[in-house]
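Keep the sequence and the 3D view open while you read.

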Amino acid sequence: MALPVREQFKYWGLATAVLAIVLWFLGDVLLPFVLGGAIAYFLDPVADRLERGGFSRGAATAIITVVALIVFVILALAVIPTLVQQAIQLFDFAPRLFRDLQAFLTEHFPSLIVEDSPVRKTLATIGETIQSKGGELLNTALSSAASLLNLAVLFVIVPVVAVYLLLDWDRMVARVDELVPLDHRNTVRTLARDVDKVLAGFVRGMGSVCIILGVYYAFALWLVGLQFGLVVGVIAGLLTFIPYVGAIVGGALAIGLALFQFWGDWTWIVVVWAIFQSGQFIEGNILTPRMVGQSVGLHPVWLLLALSVFGSLFGFVGMLVAVPLAAAIGVLMRFATHQYKTSRLYLGISGQNDT
C-alpha cells in the first residue's frame with residue numbers, strides 16, 4: 001500500500017532539508033562538481049548529436065574535450081589577460097572620466113556645476129569611489145577565490161568531473177529514473193521533461209545567446225578602437241540574460257566612453273551606437289527565437305529573486321543552483337496551480353455540477 005500523503009511530505013521535506021544543510025556547509029567543496037555538472041548538462045546535446053552522426057559516446061566526449069581544451073588555451077593566452085588588464089585600467093580611469101565629465105558640464109552647462117553644488121560633489125566622489133571600491137572588489141574576488149577554492153585545483157577538477165559526467169550522462173539519467181517511486185513515476189517524468197525544457201531553453205539557449213553577443217560586442221568595439229571595449233562587450237554579453245539590461249548597460253557604457261574618446265568625431269560615436277542596435281536586432285530576430293524559443297517559463301524577476309536568495313544563503317554555489325531550482329519551482333508551481341483549479345477546493349459544489 002502506498003504511503004499516505006502526509007508521510008510522503010515528511011520524507012521529501014527531510015530530503016530537502018538535508019540538501020540545504022549540505023549546500024550550506026559544503027558549498028565550497030561542492031563548487032567544482034556543480035560547475036562540472038553544469039558544463040556536462042550544457043554539452044550533452046552536442047554529444048547526443050555526435051552520437052546520431054555515428055560516433056560512440058566515448059568518441060563524442062573525446063571530440064568535445066579536445067575542442068574545449070583548444071578554446072580554453074586560446075582564451076587563457078589571448079583574451080583573459082587582456083580582459084583583466086582592461087578591467088583594472090577601467091577602474092583606474094574612472095576618476096579622470098568623471099573629472100572630464102565635470103569639466104564638460106562646467107563648460108556647456110555652468111548653471112548645473114556651481115561651487116559646492118550636489119552635482120559637483122557627486123561627480124567628484126563617484127570616480128574615486130569606483131576606483132577604490134572597484135579595484136578592492138576585483139582584488140578581493142581574485143584573492144578570495146585563490147585562497148578558498150585553490151584555482152589551480154579547480155581548473156583540474158572541473159574538467160575531469162565534466163568529462164566523466166558527460167560520458168555517463170544518459171546512464172545516470174536512466175538510473176535516477178529507475179529510483180523514482182512507481183506511484184509517481186509518470187507525474188515525475190512529465191515534470192522532469194518540463195523542467196528540462198525550461199532549463200534547455202534558458203541555460204543552453206540563453207547561455208549561447210550571451211556568449212555570441214558578448215563575443216560580437218567585444219570584437220566589434222575592439223575593431224572600432226574603443227578603449228575598454230573588450231570589458232564593455234563582456235559585461236553586455238553577460239547581462240543579456242536579463243531582457244534589455246545588457247543592451248542598456250553595455251550601450252550606456254560604450255556610448256559614454258565613445259563620447260569622451262571620439263568627441264567631435266560623430267561618425268565613430270554613431271558606429272558604436274549602431275553596434276548595439278545591430279546586436280539587439282540580431283538577438284531579437286535571429287538568436288533568441290531560434291535558440292531560446294518564444295517562452296521558457298522563467299520570468300526575469302523570478303530569476304533575479306532566485307539568484308539573490310540562493311546567493312545570499314549559499315554563496316556562489318547557491319547562485320549556480322539558483323537557475324535549475326528556479327526552473328523546477330516554477331514548473332511545480334504551474335503544476336500545483338493546475339491541480340488546484342481541478343480540485344474541489346477551487347471548483348466547489350457549483351463548479352462540480354457545471355462539469
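## Before we start

This is a predicted model, in which local features need pLDDT of at least 70, side-chain atom pairs count only at pLDDT 80 or more, and totals for chains, interfaces and linings use all residues. Residues are numbered from 1 along each chain as its sequence is written, and side-chain values use heavy atoms, with hydrogens and water left out.

## The whole chain

The protein chain has 11 helices and 0 strands. Helices (H or I, at least four residues) and strands (E, at least two) are DSSP runs, numbered from the N terminus. Read from the N terminus on, the elements run α-α-α-α-α-α-α-α-α-α-α.

How many of the 355 residues count as buried? The share is 29%, where buried means under 20% relative accessible area, exposed over 50%, and partly exposed in between (1.4 Å probe, protein chains only). Now look at contacts, meaning heavy atoms within 4.5 Å. Among contacts in the protein chain with a separation of 6 or more, 70% come from residues 24 or more positions apart.

Find helix α9, which covers residues 266-291 and has 26 residues. From its first C-alpha to its last, α9 reaches 35 Å, close to the 38 Å expected at 1.5 Å a residue. The expected span is 1.5 Å times one less than the number of residues in the helix. Where does α9 bend? The bend is at E283 and is about 45°; a bend at a residue is the angle between axes fitted to the seven residues ending there and the seven starting there.

E283 is also one of the buried residues of α9, along with I269, V272, I275, F276, G279, L287 and T288. An α-helix has 3.6 residues a turn, so residues three or four places apart point the same way. The cover over the buried residues of α9 includes α6 (185-223), α7 (229-238) and α8 (245-261).

## How α6 meets α9

The axes of α6 and α9 come within 10 Å and cross at roughly 155°. That angle makes α6 roughly antiparallel to α9. Here, axes are lines fitted to C-alpha atoms, for helices over the stretch in contact, and angles run from 0 to 180 degrees between N-to-C directions. Angles under 35 degrees count as roughly parallel, over 145 as roughly antiparallel, 65 to 115 as roughly perpendicular and the rest as oblique.

This crossing of α6 and α9 is right-handed. A crossing is left-handed if the near helix is turned anticlockwise from the far one by less than a right angle, and right-handed if clockwise. On the α6 side, the residues that meet α9 include G201, G205, V209 and Y216. Their partners in α9 include V272, F276, G279 and E283.

α6 and α7 pack at an angle of about 160°, with their axes 7 Å apart. These two helices are therefore roughly antiparallel to each other. The contact is made by C210, G214, Y217, A218 and L221 of α6 and G229, L230, V232, G233, A236, G237 and L238 of α7. The crossing of α6 and α7 is right-handed.

Next comes the pair α7 and α8, whose axes come within 7 Å and cross at roughly 165°. That makes α7 roughly antiparallel to α8. The contact is made by V232, I235 and A236 of α7 and G246, V249, G250, L253, A254 and L257 of α8. The crossing of α7 and α8 is left-handed.

F228 is found in the loop between α6 and α7. Its phi is near 65°, a positive value in a residue other than glycine. Is F228 buried or exposed? F228 counts as buried, at 3% relative accessibility. V209 lies in helix α6 and is buried at 0% relative accessibility. The C-alpha atoms of V209 and T240 are separated by 7.7 Å, although these residues are 31 residues apart along the chain.

Finally, find D44 in helix α1 (residues 5-52) and R57 in helix α2 (residues 57-108). D44 is buried at 7% relative accessibility, and R57 is buried with a relative accessible area of 10%. Not counting residues up to four places away in sequence, D44 touches R57, L166, W169, D170 and R204. With that same exclusion, R57 touches D44, A47, D48, E51, L166, L167, W169 and D170.
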